[in-house]
Amino acid sequence: MRTTVPPVACVGEPRITAGFAEFGRLDLRAHEMVHGPISPMEPSSLLRLAEGIQLKGKGGAGFPFARKLRAVLESCERQDLPPVVVVNATEGEPASWKDKVILTRAPHLILDGAALAAFALDAEEIVLCVADDLIGRDSLMEALEERRMPVPTSVVTVPHRFISGEGGALVNGINGLPHIPPGTKKRSSDSGVNNLPTLLSNAETYSQMAIAARLGPYEYAALGTDDEPGTVLLSITGAAKRHAVVECAAGTPLREILELCEVPEGPGILMGGYHGKWITWEAANKAEVSRKGLAAVGGTLGAGIIVPLANDTCPLGEAAQVVRYLAGESAGQCGPCKRGLPDLARAVDLAVSGSAPVEVVRAAAGDVKGRGACSHPDGTSRFALSAMEVFAEDLKKHTTGEGCGRRVKGVMGLPGAPDPDPQKLVLDWSRCDGHGLCAHVVPDFIRLDQNGYPAFPPTPVPTWLREGASKAVKVCPELALRLTKA
């Protein structure tokens, strides 16, 4: 996993990345030179601005920022309580780097946006959330020391996990609870930090608000499309020869971004991150960088993450690794996550190994879709189904048992080093009597077939199930199971 922030590039006029070439990191003096002064805004003015620029959350879900503002204002009035403003700069997705770029190089834009919201809402406090990898934390603290915020402001570190940045998980963590989504869905605008109405949005969203407050809605809309004014920050990794965070106007042809980052032609490109969708190279050449433009070719903008694959890696194997990772990132507190996601990961492994038809994946994805306490099951199933669709021709080759002939290179940006000692389960059929104990010990990997005998994919046992697999080997009364090097 990368531990340093990638280079920054811009296609067209820079806004959030303005001044990067001249100053590197913008301290308060450089920030004010580049962006100019900013004035506090009344609630009605901030609402009109957010609506006028059609600002949507940049964290992935794309929820309208104006609706969040209005919901918090109404909740404060109804309950007669002051609100809290929360900035989500945790960026738990391994392939995403845009928020860390803002943290490390333009932290005052984030603070400007948070201050605007806090003043307009008459907030009690501002809470800035960063990951415990601490990338950008020192830069943010230094920026806070350079200026005076309108209300007490604190920085909270959050575990660098995929689900820790989910809204409910973030509120739980700030409140001193485990950093996992709550078991039931509730609106932070009604009850969030310290049970107060809470405005929670992504670091880039607040930064875009700070840009728009200076430019006004008309000048802000000079870039972008009619439906999606302004610019977009993109994180490009994977097979790109130049990993980078790129700022471009919404509506920019995707092929311009791919050419800038020297992306080789390959079997597919993941758009939107691990909860996103795959698109083909042909679709990428026709797509525009916007929610509407990417949806038209079967993709999604999500959190602005682009992960292309090259022709020298197995796309299905890469996708299977991500599904296993996402299953391991589950909070483990609701059925669709605790049991459904491991089952989905197992189904994908079976399909990729040629041991089961794609219908097994569709069934497993259908079992979790729309049933989770948060959006994690939905996003994971969307990712898995998209891979089965886009890489359908590769899947046919895998179904024959011969495979596609390409190895899995691990280019998806998953955290941690590759498993140094991959192992798989092997069954000695001459010894197995079908006791079924192994399936009870590690049901997420071993199931019993219609005859009562153990069935499992021939792929390496995921590291997060290795302990269970070892126990299954030990409890087998006939010594029919063993773990061997994959």
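Predicted model: local features only at pLDDT ≥ 70, side-chain atom pairs only at ≥ 80, totals over all residues.
Where does D122 lie? I found D122 in the loop between α6 (107–121) and β3 (125–131); helices (H or I, at least four residues) and strands (E, at least two) are DSSP runs, numbered from the N terminus.

Residues are numbered from 1 along each chain as its sequence is written, and side-chain values use heavy atoms, with hydrogens and water left out.

Back to D122: I looked up its phi and got a positive value of about 55 degrees, though D122 is not a glycine. Most residues other than glycine have a negative phi. D122 is exposed, at 61% relative accessible area (exposed is over 50%, buried under 20%, partly exposed in between; 1.4 Å probe, protein chains only).

Next I checked N195, another non-glycine residue with a positive phi, near 65 degrees. I placed N195 in the loop between α8 (167–174) and β5 (198–202), and its relative accessible area of 53% is why I list N195 as exposed.

Then S386, which sits in helix α16 (residues 376–390). Its relative accessibility is 7%, so I put S386 down as buried. Setting aside neighbours within four places in sequence, I see S386 in contact (heavy atoms within 4.5 Å) with K277 and W278.

Last, I38, in the loop between α2 (28–35) and α3 (43–52). I noted I38 as partly exposed because its relative accessibility is 29%. Beyond four places in sequence, I38 contacts D112, L116, A210, A213 and R214. I also looked up I38 and L215: they are 177 residues apart along the chain, with 9.8 Å between their C-alpha atoms.
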